[in-house]
Amino acid sequence: MTLTDFARRVTDSGTCTVTGSGAAGPDAGAAPGATGQAPAPAPVVGADAAVSRAVGREADGLAVASFVLGLVGLLVFNVLLGPTAIVMALLALARRTRRRGRALLGLALGVADLVVLAVLVTDNGAVAWDFGG
């Protein structure tokens, strides 16, 4: 058993199961549950579970990042942050994030960034815009 397998078993089941030569104790021949404790359920350890948790966390992070970038993009660098927020929101939605609402808000704010940019550029008649008169 490698160290990562041991860490997964401890974190997945909440208990530590000892295997090997040190596993035999005074009740080694007793039936499971004979000591008054229910046997611990076997932890589900697999590459699929770890991958799905990692992808879920990554998708949630993309959703939050798209929301934050879209919000900041309303004030500064909307030509850069708007499209970035849109792409990150679409990636989060494609990866089935648990924060679907936040990803949709990031998508809407990214589009709003580009709308604000278009309005300010057409109002000033230049690519560089400012709020001064």
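## Two helices side by side

Let's start with a pair of helices in this predicted model. Helix H3 covers residues 78–94 and helix H4 covers residues 100–124; their axes come within 8 Å and cross at roughly 155°. An angle over 145 degrees counts as roughly antiparallel, and H3 and H4 are therefore roughly antiparallel to each other. As for handedness, the crossing of H3 with H4 is left-handed.

Which residues do the touching? On the H3 side they include Asn78, Val79, Leu81, Gly82 and Pro83, along with Ala85, Ile86 and Ala89. Across from them, H4 brings in residues including Arg100, Ala103, Leu104, Gly106 and Leu107, as well as Gly110 and Val111. Sorted by type, the residues of this H3 and H4 contact come out as 16 nonpolar, four polar and two charged.

## The whole protein

Stepping back, the protein has four helices and zero strands. Read from the N terminus, its elements go α-α-α-α. There are 133 residues, and 18% of them count as buried. The accessible surface comes to about 9000 Å², with 66% of that belonging to carbon and sulfur atoms.

How far along the chain do the contacts reach? Take the contacts between residues at least 6 apart in sequence: 62% of these join residues at least 24 apart.

## Buried spots in the helices

Ser66 sits in helix H2, which spans residues 47–73. With a relative accessibility of 0%, Ser66 counts as buried. Leaving aside residues up to four places away in sequence, Ser66 touches Ala85, Met88, Ala89, Arg102, Ala103 and Gly106. Ala85 and Ala89 are among the H3 residues that meet H4, while Ala103 and Gly106 are among the H4 residues that meet H3.

Gly110 belongs to helix H4. Is Gly110 buried or exposed? Its relative accessible area is 0%, so Gly110 is buried. Setting aside residues up to four places away in sequence, Gly110 touches Gly70, Gly82, Ala85 and Ile86.

## The loop between H3 and H4

Two residues are worth a look here. Thr97 lies in the loop between H3 and H4, and with a relative accessible area of 11% it is buried. What does Thr97 touch, not counting residues up to four places away in sequence? The list is Ala59, Asp60, Ala63, Ala92 and Ala103. Thr97 and Asp60 are 37 residues apart in sequence, yet their C-alpha atoms are 5.3 Å apart in space.

Arg96 is also in the loop between H3 and H4.

## Another positive phi

Most residues other than glycine have a negative phi. Phe77 has a positive one, about 50°, and it is not a glycine. Where does Phe77 lie? Its place is the loop between H2 and H3. At 63% relative accessibility, Phe77 counts as exposed.

Definitions and conventions: Residues are numbered from 1 along each chain as its sequence is written. This is a predicted model: local features need pLDDT of at least 70, side-chain atom pairs count only at pLDDT 80 or more; totals for chains, interfaces and linings use all residues. Side-chain values use heavy atoms; hydrogens and water are left out. Axes are lines fitted to C-alpha atoms, for helices over the stretch in contact, and angles run from 0 to 180 degrees between N-to-C directions. Angles under 35 degrees count as roughly parallel, over 145 as roughly antiparallel, 65 to 115 as roughly perpendicular and the rest as oblique. A crossing is left-handed if the near helix is turned anticlockwise from the far one by less than a right angle, and right-handed if clockwise. Contact means heavy atoms within 4.5 Å. Ala, Val, Leu, Ile, Met, Phe, Trp, Tyr, Cys and Pro count as nonpolar, Asp, Glu, Lys and Arg as charged, and the others, Gly among them, as polar. Buried means under 20% relative accessible area, exposed over 50%, partly exposed in between (1.4 Å probe, protein chains only). Accessible areas come from the Shrake-Rupley method with a 1.4 Å probe; for residues, only the protein chains shown count as cover.
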